[in-house]
Amino acid sequence: EYKTFLANSGGSGSALTDDQFARYLFTVPPDSLDAVLDRWSQFFIAPTLNYTSIVSSIEAVNNEFLLKLQRDSRRMMVLQRYLAAEDSAYHHFNTGNTQTLSHPDIRDRLVKFYSTYYKAPEMRL
């Protein structure tokens, strides 16, 4: 409903993640802001985490992974991570793809992640 409402309101949206943050971006006409924020906030209040959406997200993450695979900046980051101390969080693979995200229990893992990290004190608007 969020994406449909956003598009019908003349807005657009996107999301991205980096090492420490997930960012959700959107533009919308001022008269639709309250309604869009209400719909957007439902992702955090009561996420559905249905399997179809999860698979769609995994495909989007994999497409981004493949798109950036040949970039020199990506190669430098991979090398820096490889050279980092093995016991540091930075050393580990940080970009998902279908190989790293396709688990039979992926929904259970996402629910656990959500329950652990998606809390008001951890979020900023």
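Trainee: Why is Leu49 called partly exposed?

Mentor: Leu49 has a relative accessible area of 22%, and because buried means under 20% relative accessible area, exposed over 50% and partly exposed in between (1.4 Å probe, protein chains only), Leu49 counts as partly exposed. This is a predicted model, in which local features need pLDDT of at least 70 and side-chain atom pairs count only at pLDDT 80 or more, while totals for chains, interfaces and linings use all residues. Residues are numbered from 1 along each chain as its sequence is written, and side-chain values use heavy atoms, with hydrogens and water left out.

Trainee: Where is Leu49 found, and what is its phi?

Mentor: Leu49 is found in the loop between α2 and α3 (51–68), where helices (H or I, at least four residues) and strands (E, at least two) are DSSP runs numbered from the N terminus. Although Leu49 is not a glycine, its phi is positive, at about 45°.

Trainee: What makes Ser9 count as buried?

Mentor: The relative accessibility of Ser9 is 15%, so Ser9 counts as buried. Ser9 is found in the loop between α1 (2–8) and β1 (12–17), and its side chain reaches the backbone oxygen of Phe5 at 2.8 Å. Leaving aside neighbours within four places in sequence, Ser9 is in contact (heavy atoms within 4.5 Å) with Val28, Pro29 and Ser32.

Trainee: How do you know that β1 and β2 are paired?

Mentor: Two strands pair if DSSP finds at least two bridges between them, and 6 bridges join β1 to β2 (residues 22–27), which run antiparallel. The two strands form a hairpin with 4 residues between them, and Ser12 stands opposite Thr27 in β2.

Trainee: Which residues form the largest nonpolar core?

Mentor: The largest nonpolar core has 5 residues, Tyr2, Leu6, Val36, Trp40 and Phe44, where a core is a set of buried Ala, Val, Leu, Ile, Met, Phe, Trp, Tyr and Cys residues joined through side-chain atoms within 4.5 Å. The elements that give two or more residues to this core are α1 and α2 (33–45), and the largest share, 3 residues, comes from α2. Two of the listed members can be set against the burial cut-off, Tyr2 being buried at 13% relative accessibility and Trp40 being buried with a relative accessible area of 14%.

Trainee: Why is the pair of Tyr2 and Phe43 called edge-to-face?

Mentor: A search of the whole structure finds 10 aromatic pairs. Rings of Phe, Tyr and Trp (its six-membered ring) pair if their centres lie within 6.5 Å, with planes under 30 degrees apart counting as stacked, over 60 as edge-to-face and the rest as tilted. The rings of Tyr2 and Phe43 have their centres 5.3 Å apart and their planes at 80°, so the pair is edge-to-face. This pair links distant parts of the chain, with Tyr2 in helix α1 and Phe43 in helix α2, 41 residues apart.

Trainee: What makes the pair of Tyr24 and Trp40 edge-to-face?

Mentor: The ring centres of Tyr24 and Trp40 are 6.2 Å apart and the planes lie at 65°, so this pair is edge-to-face. Tyr24 lies in strand β2 and Trp40 in helix α2, so the pair ties together parts that are 16 residues apart in sequence.

Trainee: How do you know that the charged end of Arg39 sits over the ring of Phe5?

Mentor: A charge sits over a ring if NZ of Lys or CZ of Arg is within 6 Å of the ring centre and within 35 degrees of the ring normal, and the charged end of Arg39 sits over the ring of Phe5, 3.8 Å from its centre.

Definitions and conventions
A polar contact is a pair of N or O atoms within 3.5 Å; within protein, one must be able to donate a hydrogen and the other to accept it, and residues adjacent in sequence count only if both atoms are side-chain atoms.
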